[in-house]
Amino acid sequence: MTAADSLRNLGVRLTSTGGELRVWSESADAMELCIFDETDPNWVVKTVAMTRDAANVWSGKSRTLSPGRRYGIRVYGAAGPKNAFHPEKTLLEPYARGLVRVGTNQWQSVVVDGEFDWAESAKPAIPLDHTVVYEAHVRGLSMQNQDVPTELRGTYAGLAHPAVTGYLKDLGVTSIELLPVHAFVSEQRLIKQGRTNYWGYNTLNFFAPHADYATKSAQQAGPEAVLREFKGMVKMLHEAGLEVILDVVYNHTAEEGPNGPVYSFRGIDNAAYYRQDETGAYIDVTGCGNTLDFSREEPSRLLLDSLRYWANEVQIDGFRFDLAVALGRDESVTYQRDHPLLVAIQNDPELQGVKLIAEPWDVGLGGWQTGNFRDGWSEWNDRYRDRMRDFWLTDIQSARETGSVGSGIGRFATRLAGSANTFAQERGPLASLNFITAHDGFTLADLTAYNVKHNLGNGESNRDGTSNNNSYNHGVEGPTRDVGILTARRKAMRNLLGTLLLSAGIPMITAGDEFGRSQRGNNNAYCQDSELTWLDWSLDDWQKDLHRVSRNLLKLRRENPALRPVRYGIFGESTPSASQMDWYDTDGSSMSGDDWNSPTQRTLQYLVASTPEHEAFNRVLLIVHAIESDTVVTLPSHEGVTSYSLLWDSSLDDVHEGTELLQPGDTVAVGGTSMQLFRAN
């Protein structure tokens, strides 16, 4: 029997004669299955001594281990610097599909059978080059949506309501990425402060959905109903043509540091599950107190089994891996792009077609690895985020305050065209998950309204959250009635959204940015479960205008495949699905080397043509002008281009297409700090 076979069927397996529980522990001396009374959570009605096999898998059987039954395990072992056995505690079984809270910070596993009728529902299987990710919080997305019934707001069922799915389809996004929905708990520090972990990056179990996001009726009915509601959400999103991507936190658990709570892994086999040095001190590369040790086979198998479960039994379309570098560290805690776990995730037959997105860093030594994952992974591109923020915000601030800017057009153009200086040739632009904002950091509106973070409400004396925001308030910190400042802020939002949605790569929009939501300058609202973080759907007129612009930009991206290359081009060659790019200056002449590198050159014409495999030929021209004074641009002459027609102008606060056909050599007035997109006919 192979090592992989020896770890098969961990967790509860239901049979005609009851259930069998299998749990792995190398360091334990004994283990018991504890089955609880159906009504009294403190009464153990049956204890089964579990037996150990040659692969250190402990098993126990019982006829009463059936759907709906609460159970746990007690684990015994020797004391030692790396061990942390607590046989007085009844622990969560790592593969439990259901959990129930039975007291303050106390949980029990629950057997579920998982039966669900998917009918004709199928995964949308949206190609990467057509993918637009929408990052959202289950609770925050619908909590204040008046078109969702009150009892469904903030729940899985609320997210699947036609008012929400219809909005997302109309907006034009393809894939909703949910902040963590694995069962999680708040950190001990937050509990003592009377606060909660709103984001969910503190995983309790890797198989059970977070029960608090289910409707009250499902919670009262129990874990089976919670799982059924979750699957129903996935089914309805798929029927609407929307993919579901989960933000998954496998790098650490809710057991925190060595003196933290004992829920599961620490009491089962602390020495095997968590990275430690020889003295038993934790090696923490996550900043959260512990790090799972994926240099070992057993934690790696746990992660793979969890992914397989969600991808197949729950029909999830993709995963965004939080602090993904922690998953690729070897025995010496060094990151390896060909780490066995990263390779296994990518090559697993049961995970084919699943989207894989890495957050390519952690907080350990050598933790920043943007561009250093394997072909087949997409990565959050923080270099893209920072460059685009600087180009439209801090460079403008510098120009106003010092008369000079930090950089010219070259670095911006590199990011616009797919970040070929970051990702290997064979990976192509779809390796880059482009974003301007995410759940952590300023919202899009706050990027244009605040120079510094305002996080006092988080209870950490404004110490939490990054101080490197690459933002610009345009002259006043926070809210203002100054018309000039408001006009500049809103145009900056349009420029940032336009840049994001017209760039090569996979764009990600943070929920609410499409209409300019604010968190009042809080750039780390992880503990704010309130109207501060819930989307407010009562929009002002300017927000409605911005929403129409966002919707139009998504439509333009969808209709113009030249903006969505699959491969990087090779100079002098015609590469299928790699857009042909030509670059021109203000006068319509080809860009010179000096133009690319000059900090004073901040106007560019980007003519891009598709080299189609699956869609019709397409060519567009994007004019970028990042100086606050107006200018005049001469449209470039290019073989095969006979005219240009305006599709979008960021200097306008609503959606206006031009009707006039312009010729190569014609001049176009371009407003200060703005963009114009043309179809090249």
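A residue counts as lining a cavity when one of its atoms lies within 4 Å of a grid point of that cavity, a cavity being a set of points where a 1.4 Å probe fits but cannot get out. By that criterion, the second largest cavity of this predicted model is lined by Leu-7, Leu-10, Arg-22, Val-23, Trp-24, Glu-93, Pro-94, Tyr-95, Tyr-273, Glu-298 and Arg-301. The structure holds three cavities of 30 Å³ or more, and the largest pocket has a volume of about 1,100 Å³.

**The largest cavity**

- The volume of the largest cavity is about 200 Å³.
- Its lining comprises 19 residues, and those closest to the centre are His-137, His-439, Thr-510, Arg-517 and Gln-519.
- Two elements, strand S10 (133–136) and helix H2 (138–142), each give two or more residues to the lining of the largest cavity.
- Sorted by class, the lining of the largest cavity has nine nonpolar, eight polar and two charged residues.

**The second largest cavity**

- The second largest cavity has a volume of about 60 Å³.
- At least two lining residues come from strand S2 (18–24), and at least two come from helix H9 (297–313).
- Strand S2 provides the largest share of this lining, with three residues.
- The lining of the second largest cavity divides into seven nonpolar and four charged residues, with no polar residue.

**The largest pocket**

- A total of 40 residues line the largest pocket, and Trp-199, Thr-286, His-439, Asp-440 and Asn-524 lie nearest its centre.
- Helix H11 (residues 382–402) gives the most to the lining of the largest pocket, namely three residues.
- By class, the lining of the largest pocket has eleven nonpolar, 16 polar and 13 charged residues.

**Packing of helices H9 and H10**

- Helix H9, which also contributes to the lining of the second largest cavity, has an axis that comes within 11 Å of the axis of helix H10 (residues 340–347), and the two cross at roughly 20 degrees.
- Because angles under 35 degrees count as roughly parallel, H9 is roughly parallel to H10.
- The crossing of H9 and H10 is right-handed.
- On the H9 side, Ser-300, Leu-303, Leu-304 and Leu-307 meet Leu-341, Ala-344 and Ile-345 of H10.
- The contact of H9 with H10 has six nonpolar residues, one polar residue and no charged residues.

**Packing of helices H14 and H15**

- The axes of helix H14 (residues 483–502) and helix H15 (residues 541–559) come within 10 Å and cross at roughly 20 degrees.
- That angle makes H14 roughly parallel to H15.
- H14 crosses H15 in a right-handed manner.
- From H14, the contact involves Arg-490, Met-493, Arg-494, Leu-497, Gly-498, Leu-500, Leu-501 and Leu-502.
- From H15, the contact involves Trp-542, Leu-546, Val-549, Ser-550, Leu-553, Leu-554 and Arg-557.
- In the contact of H14 with H15 there are ten nonpolar, two polar and three charged residues.

**Packing of helices H4 and H15**

- Helix H4 (residues 162–171) packs with H15 at an angle of about 65 degrees, and their axes are 8 Å apart.
- In this contact, Tyr-167, Asp-170 and Leu-171 of H4 meet His-547, Ser-550, Arg-551 and Leu-554 of H15.
- Ser-550 and Leu-554 of H15 take part in the contact with H4 and also in the contact with H14.
- The residues of the contact of H4 with H15 divide into three nonpolar, two polar and two charged.

**Positive phi values in loops**

- Asn-470 has a phi near 50 degrees, a positive value in a residue other than glycine.
- Asn-470 is located in the loop between helix H13 (444–447) and H14.
- Thr-673 has a phi near 40 degrees, likewise a positive value in a residue other than glycine.
- Thr-673 is located in the loop between strand S24 (667–670) and strand S25 (674–680).

Note on methods. Residues numbered from 1 in each chain as written. Predicted model: local features only at pLDDT ≥ 70, side-chain atom pairs only at ≥ 80, totals over all residues. Heavy atoms only, no water. 1 Å grid on protein atoms, 1.4 Å probe; cavity = no way out; pocket = protein on both sides within 12 Å on 5 of 7 lines; lining within 4 Å. Points joined across faces, edges and corners; volume = space filled by probe spheres on them. Helix = DSSP H or I, 4+ residues; strand = E, 2+ residues; numbered from the N terminus. Nonpolar A, V, L, I, M, F, W, Y, C, P; charged D, E, K, R; others polar. Axes fitted to C-alpha atoms, helices over the stretch in contact; angles between N-to-C directions. Parallel < 35°, antiparallel > 145°, perpendicular 65-115°, else oblique. Left-handed = near helix turned anticlockwise from the far one by under 90°. Contact = heavy atoms within 4.5 Å.
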